[in-house]
Amino acid sequence: MRVAPRYLDAGIPRANSSWKKVEPGLTWLPEAEATWFLTTAVVPDGWSGGPLLARLEIGGEAMTFVNGKPHQSLNTVRGDNLPRSELILAEEARPGDRFDIAVEAARTWHPLKVTPQTFALAELAVPHPPVRKLLHWLRIALEAAFALPESSTERLRLVRLLDQVVTGIDFQQAGTDLYLRSVSGAARNLERALSELGPSPAAGNFTLIGHAHIDTAWLWPLAETERKCGRTFSNALRLMEQYPEFRFSQSQPQLYQFTKERFPDIYEDIKRRVAEGRWEPIGGAWVECDCNLPSGESLVRQFLYGKRFFRQEFGRDTDVGWWPDAFGYSWSLPQILAHCGIEYFFTTKLTWNLFNTFPHKLFWWQGLDGTRLLAVNGQPNYNGQVRPRELTSLWQEFPERDRVDELPFSFGYGDGGGGPTAEMIEYGRRISSLPGMPQCQFGTARECFQRLSRQSESLPLWNDELYLELHRGCQTTQARTKRGNRKLELLLRDVEQFAALADVSVGADYPRERLVKIWERLLCLQFHDVLPGSSIRQVYEEAERDYDRLIGEAELLRAQHLGALAAAIDTRGAGRPVVVFNSLSWERTEVVEATVTLAGESFQAVAPSGEATPCQVLSRQGRKVSLLFLADGVPAFGYAVYRILPAREPSPARSGLRASRTRLENLDLRLRFDRSGRLVSVFDKRVQREALAPGSRGNLLQLFDDRPVEYEAWDIDPWFEEQMQEAPDPETIELVEAGPLRARLRQVRRTEHSTITQDIVLQACSPRVDFVTHVDWRERRMLLKCAFPVDILSPQATYEIQYGAITRATHNNTTWDRAKFEVPAHRWADLSEADYGVALLNDCKYGYDVKGNLLRLSLLRSPVDPDPEADQGEHEFTYALYPHAGAWQQAHVVRQGLQLNVPLLAVPTSAHAGPLPATYSALCADRPHVVVDTLKKAEDGDDLILRVYEAHGARGRLNLSIDLPLAKAFECNGLEEDLAPADWSDGALHFDMRPWQLRSFRLRRKRR
């Protein structure tokens, strides 16, 4: 055998003089992404026929190619299972047959801990079916005996039977025909005796589902996952050739796409097996994404693009949501899954809880809107093995076994393990014949769930999020990736909306194909080990390059379509016109920034109403002026034209904005700082109330020693608060801007290794204060949080999640409350009394904790494993404090969170005539608790897709005015399939909304 390091991308290599000749016993170190071994086997003359095996123990994870075609995987020993070391070269080999064998061996596991591998074996072998048959029987029977209670009758009988069978084998004649006959007789005697003992139906019933949990990236980059797909899927295909009853279920269309592009032969075999019904595409989501961090729209797109792939490629759909390993599941998920045609939910992860044992294995999971899914939280590990002890323990721990008689059991090694093994299938064939063992049959996930649904009426109900009591650091680790995700999600929202409006209004081309490509990569990066921050450095270097590229491409698309709209707007009039676009579904008044070319010392902005307000000049470069102005009343889902004109003299400020090194104040708020720069008061002038707790300080930057016991990148441990220090007082304090529209107070702090620069920003007409933050982060094993002790008493806080909100306790009364010491949220968390509250908003963070009256947001971490450079370097983010009268619903906290994340867009243009009016609103809702989240073109055809959700937990009739040339409307699902005609009349869409309800509509345009 010859060896050399190469890359798979280069194709199967040919040996030359640079290759080393090696013999078994060689220890080799992976030097590149792949190390290749080549050899040739020739069937000798005199061969009597029959099957021929090659036994190869190379080391590492390996893919074999036989005569130039992908064959199957090889694996080293993992745990107590036998190595996957046998290749079936031919079922009926003939003398002179030649087999050119190439083995591509990859690095295993952690790339920073490269482990030497041993080339241990390379030989041809002839299988002896009777010996193998008996071996399988003896192994599983012995394991079954020891899985039973020590004093049980079944165990005693099994042990006695095995002793009788083994003593009947003539080991003195090993290798002879006499020995083989004795082995065959022993196998027959064992099977006959077991049939007399009989099975044990009361021991449970399992559907065995072959599966391989493949992380799209984790301790390896995406390119290695492509190779893992080839290894794993080829192995499943070989097993299907050997075992007609074997079924294989595989999720994640992204993995199928990898396989289609890199291993077309394997992909064609998969399509054939899908058509036979033996290979089940399941899950539906593009990847097994994280379920806490992606937006609601991203989760819908996971299924829109994932299910479209399954339908287009295989002619198959799935109604099984498959998430064995994500780090908790949002309370919004049942509704989103049902909206996309998913009826069933499978996970194993809740068995990992740290504080509390999740009470159910099979249950109805109810989402925040009332939607219910049939859910399984089954086995303790997604790498299931068909072993007697594992199955009997699972059934004994199954609390609903008095109501249903079956559970699904997923088996097969994940990641680089190659999926199911022949041994697992052999065990699955036999286990039902053993006394005291459950009945098992091979099947698909969908078949099992359909049977369970017929027995599900009396199952328990869980009406809450499925919070994982572990991996809480995943809301914060790898902050640049999380920022890229948030920014790209919202940017794509803008692009689709403005591209759809430009298509309808001025006939601009809608960039459907480019958008799909961007979405697919974004969805891939939402995988549950990428977005949460638990992968290696190489993954995040690639992710950050991807985000930069995708954001740049999306910004260009947005600019093109905003430009197309601006060019068609009638902007005639005095001064320099600036079109201000609003992509949110309510009218907004905010300070916006624009750069115009205009002569003068001072300027004013004229609104469409004719009212003039002062501008604030930020910088000048010749006639090019960067300035701020107040955009008053920008229409919902629309735009307005403002005119910038020179002012003869500076206009008097009416904003009430005042600023110094120790005070920021507008008409709504007054902030005071002590001489050291510490925030000592946030006074709400509207209700004459102090927001901070008496004697406390706000915007505390707290540093915690962060050394999780086990999963460093994943976890924040329960005792993280034991070692805390506050960041030092600011070294420098500078008033950078002083109004009349925006005040900016800059504070620079230095910790032992890091520099934190914050601009504390208060704008005219804004009820919130923004903390615009830049951090040069060089800490190790530290957690940075901002903290606001507020003068609020409430037993619960409210957090935004996808398409809704969830309340969680602010106390530790129970172990369930105590476990939620760090929780996921999207754009805000709010602590409110009946008539007053304070919200903490953010533009790219996801980890909060609110205990007592302390509002905290996690900003940065710095774990050292698996990425020793995690989060080192430059970071930019903004959080904001929003004190408000009334509860969060009356104070429109949802809107404030969105406005922080989705600013108004100012597009300077020239004065010109155009077919579009100077002020326009594409749509407007008459209820403040309904958010129009998405407007896009359908994935096929010329229709528009509109998606709305109820955001306050209220119900009522909604009238959605739409100023677009529409002929009719249909309600649709997340897959954009028509469900029923909608009430479209008098230029409005009329429909009812339940609390937290998500609804989608397909809008049919009038023919031009």
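Which helix gives the most to the lining of the largest cavity? Helix α12 does, with 6 residues. This is a predicted model, in which local features need pLDDT of at least 70, side-chain atom pairs count only at pLDDT 80 or more, and totals for chains, interfaces and linings use all residues. Residues are numbered from 1 along each chain as its sequence is written, and side-chain values use heavy atoms, with hydrogens and water left out.

**Cavities**

- The structure holds 11 cavities of 30 Å³ or more; on a 1 Å grid over the protein atoms alone, a cavity is a set of points where a 1.4 Å probe fits but cannot get out.
- The largest cavity has a volume of about 240 Å³, a volume being the space filled by probe spheres set on the points, with grid points joined across faces, edges and corners.
- Its lining comprises 23 residues, with S295, G296, E297, R827 and D933 nearest the centre; lining residues have an atom within 4 Å of a point.
- At least two lining residues come from each of α7, α12 (479–506), β41 (796–801) and β52 (930–937); helices (H or I, at least four residues) and strands (E, at least two) are DSSP runs, numbered from the N terminus.
- The lining of the largest cavity divides into 8 nonpolar, 7 polar and 8 charged residues (Ala, Val, Leu, Ile, Met, Phe, Trp, Tyr, Cys and Pro count as nonpolar, Asp, Glu, Lys and Arg as charged, and the others, Gly among them, as polar).

**Pockets**

- The largest pocket has a volume of about 1400 Å³; a pocket is an open set of points with protein on both sides within 12 Å along at least five of seven lines.
- Of the 48 residues lining the largest pocket, R768, Q899, L900, V902 and P903 lie nearest its centre.
- Strand β23 (residues 588–597) supplies the largest share of that lining, 6 residues.
- The second largest pocket has a volume of about 1000 Å³, and among its 33 lining residues E86, R132, Q242, Y243 and A422 are the closest to its centre.
- Helix α1 gives the most to the lining of the second largest pocket, with 6 residues.

**Sheet**

- An open sheet with mixed pairing is formed by 5 strands in the order β15-β16-β18-β17-β21 (two strands pair if DSSP finds at least two bridges between them).
- The edge strands, each pairing on one side only, are β15 (320–322) and β21 (461–462).
- Strand β15 runs parallel to β16 (residues 344–347), joined by 3 bridges, and V320 stands opposite Y344 in β16.
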